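User: I'm new to reading protein models. Please take me through this one, one question at a time.

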Amino acid sequence: MSRGRPVLRVAGRVAVTPGLGRYLAGMLLWLPHPVLPLLGGLVLKLLFDQMSGHAAAGMDQVVWLCAAFVGVEVLRGLVLIVAWIHGVYWWDGAATVLRANVLRSILTAPGTAAARQPYSPGESLARLRDDVGDLVDFTDESVPLAGATVFAAGALGIMASIDHVITLILLVPMLVIGVLSRALSEVVRRLRRRARVLGSVVTAFIGDAFAGALAIKTAGAEDAVLTRLRAHNRDRRAAAVKDRLATDLLDTVTGTTVEIGIGLVLLLAAPAMRRGDFTVGDLALFTGYVGWLATLPRAIGGILHRVPQAAVSIERLGELMAPHEDARDLSRRTGLWLRGEPPPAVPAPPPHADPLQVLEARGLTVRHAGGDRGVHGIDLRIPRGSFTVITGAVGAGKTTLVRALLGLVPLDAGSITWNGRRVDDPGTFMVPGRVAYAGQVPRLFSETLRENLLLGLPADDAEVARALELAVFDRDVAAMPGGLATVVGPRGVRLSGGQVQRATAARALVRAPDLLVVDDLSSALDVETEELLWDRVAAAARDGRGPDTLLVVSHRRAALERADRIVVLDRGRIAGEGALGDLLATCPEMRRLWGGERLAEAEEGGPAWPGARSTP
Ligand SMILES: Nc1ncnc2c1ncn2[C@@H]1O[C@H](COP(=O)(O)OP(=O)(O)OP(=O)(O)O)[C@@H](O)[C@H]1O
């Protein structure tokens, strides 16, 4: 049972995550459902004994006993309804806490965040839906198990006081069921894991197909996609059928206890009744109780075959979380609002207590997948008020360097200091309001433009307008009929590539960072627009209306000419460093890049030599 213990520990914590009181109340509300049949059995015994003449009674008492039996059942039904409603609240509360903890870990736990989504969004969603459901279901089983145990203890006591031999013999099929469930649990676990994995593959594939609908259409790959989906579905179906078969087999085996038990009672009771030791009322009580007694091995079987399933779920949810977090963090208690609105998620105020004076990196090294690709031994110094450009050929390591500095990828070596103090966890330190980042691949959500810019940040219209202007996005927004209320569609599909990029830049700018980091705007901005953007950002920095320290990945002349310092990367190492003029004189890689860029901009219709660009 080595796997069982941690699973039970997690289940114990999941049970009380929506509140210990809520769990206990649920348990108390549920208990009458399996325990009241004890009373019903006793009423039946009295009723049948009186009707069969074992006890002297008039017809009026029989009627009262019938009414009592019906009353017990009605009461049981009513309590069941209340328990059910309460149970739904508890179930959703527990599932919400688990999902919130996974999301919290992905988004805010210390450490590098980039490696935290190793799966496609579809796969991650499948885990959040199915694995959370399995884990809560497993915990939920504890309630019927407790009820069945209380009933079994009472029923076996009453039955043993009537006929202990028949009672003892009735235990045998129940024990067989328990042993069988235990023996099959490993097989069920294997089949369940495979079914889950293949189920997630299908969900992930459909998610990818939705996201890439345009690419599929333009590549004429509809049939190929459908063929692949059919193949995934076939595998999933086969695995799901096997999983279902094994689970149903277990259920069937446990279900047969009822029939075997009733058969045994009839067989063993016949001679005892002939001897006059067993009344018709006893028979009614035994056959009534046997059905309910079968719920105990069934509940035990249910728990046993869910233990491996829950272990798989804990493992799969853990894989979505930060590497240093474990099952304890998965079931950590968080706020839960079952009624009313939760308090607004107010972002932490920007920590301006230690404004940037100088950001330094020493020996930054990132080796992708343990190989030679990445960046090696990079030293960087970014003083307040500087404009630093990182440039280099495709794949030189520019994005890796920026992401290493921001704590988005794990460092293999090196250190980062902010105003001379070492930054232990750049992933949680280099965030707004110290640093804002406009990444190379912009991400917008299917919300309004305003919500995409703010992402929950409380900001007034003037701040939003300033960010839009600096990002050269103001005129575009003014031309949209809905303005900032325009819904941009999934991932911003209703905007042009350049608009998405500028919206992302505005999102970074509205956060009023000390340091603005921008990774390559050139892929979606024409030369003039990018020039205008840097002009406006530089002017705002001079007037104190915008971030005055910039770290920019670019190969565009607009950025290179404006830079105080350029860092030239070549195959992950610094090939040159300094002002543009010096580098053009001393760094062959810079000369090569500069020549290539001049050509590209000339072809694009932009200015072909330094100084020819239009003034702001
Ligand atoms: N997660 C990763 N795993 C493995 N290799 C990676 C990973 N990310 C980047 N690389 C490799 O590391 C090298 C540097 O990549 P990086 O994205 O930093 O380059 P870049 O200079 O920003 O390129 P570009 O100009 O195309 O944006 C490339 O060879 C790239 O293939």
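User: Does Val-472 count as buried or exposed?
Analyst: This is a predicted model, where local features need pLDDT of at least 70, side-chain atom pairs count only at pLDDT 80 or more, and totals for chains, interfaces and linings use all residues. A residue is buried if 20 or more other C-beta atoms lie within 10 Å of its own, exposed if 12 or fewer, and partly exposed in between, with C-beta atoms placed from the backbone. Val-472 has 23 C-beta neighbours inside 10 Å, so Val-472 counts as buried.

User: Where is Val-472 found?
Analyst: Residues are numbered from 1 along each chain as its sequence is written. Helices (DSSP runs of H or I, at least four residues) and strands (runs of E, at least two) are numbered from the N terminus. With those labels, Val-472 sits in the loop between helix 16 and helix 17 (474–479).

User: What is the phi of Val-472?
Analyst: Most residues other than glycine have a negative phi. Just after helix 16, though, Val-472 takes a positive phi. Its value is near 55 degrees.

User: Leu-455 has a positive phi too; is Leu-455 buried or partly exposed?
Analyst: The phi of Leu-455 is near 45 degrees, and this residue is in the loop between helix 15 (449–454) and helix 16 (461–470). Because 13 other C-beta atoms lie within 10 Å of its own, Leu-455 is partly exposed.

User: Which helices do the buried residues of helix 16 pack against?
Analyst: The buried residues in helix 16 are Val-464, Arg-466, Ala-467, Leu-468 and Leu-470. The packing partners of these buried residues are helix 15, helix 17, helix 18 and helix 19 (527–543).

User: Which residues is Ala-506 in contact with, leaving aside its neighbours within four places in sequence?
Analyst: Two residues are in contact if their C-beta atoms, placed from the backbone, lie within 7 Å. Once neighbours within four places in sequence are set aside, the contacts of Ala-506 are Leu-453, Ala-467, Leu-468, Ala-471 and Phe-473.

User: Which residues does the cis peptide bond join?
Analyst: Most peptide bonds are trans. Here, Gly-433 lies in the loop between helix 14 (426–429) and strand 6 (435–438). The cis bond, with omega about -5 degrees, joins Pro-432 and Gly-433.

User: What is the bridge partner of Ala-438 in strand 7?
Analyst: Both faces of strand 6 are covered, with Val-435 and Tyr-437 buried on one side and Ala-436 and Ala-438 buried on the other. Two strands pair if DSSP finds at least two bridges between them, and four bridges join strand 6 to the parallel strand 7 (residues 515–519). Across from Ala-438, the partner is Val-518.

User: Which are the edge strands of the open sheet of four strands?
Analyst: The strand order is 2-1-4-5, with antiparallel pairing. Strand 1 (residues 358–367) pairs with strand 2 over seven bridges, and Val-366 stands opposite Val-375 there. Pairing on one side only, the edges are strand 2 (374–383) and strand 5 (421–422).

User: Which helix gives the most to the shell around the ligand?
Analyst: A residue is near a molecule if its C-beta atom, placed from the backbone, lies within 6 Å of it. Of the 13 residues around the ligand, His-368, Arg-373, Lys-398, Thr-399 and Thr-400 come nearest. Giving three residues, the helix asked for is helix 13 (residues 398–405).

User: Is Gly-576 buried or exposed?
Analyst: Gly-576 has its place in strand 10 (residues 573–578). Its contacts, beyond neighbours within four places in sequence, include Val-568, Leu-583 and Cys-587. Since 20 other C-beta atoms lie within 10 Å, Gly-576 is buried.
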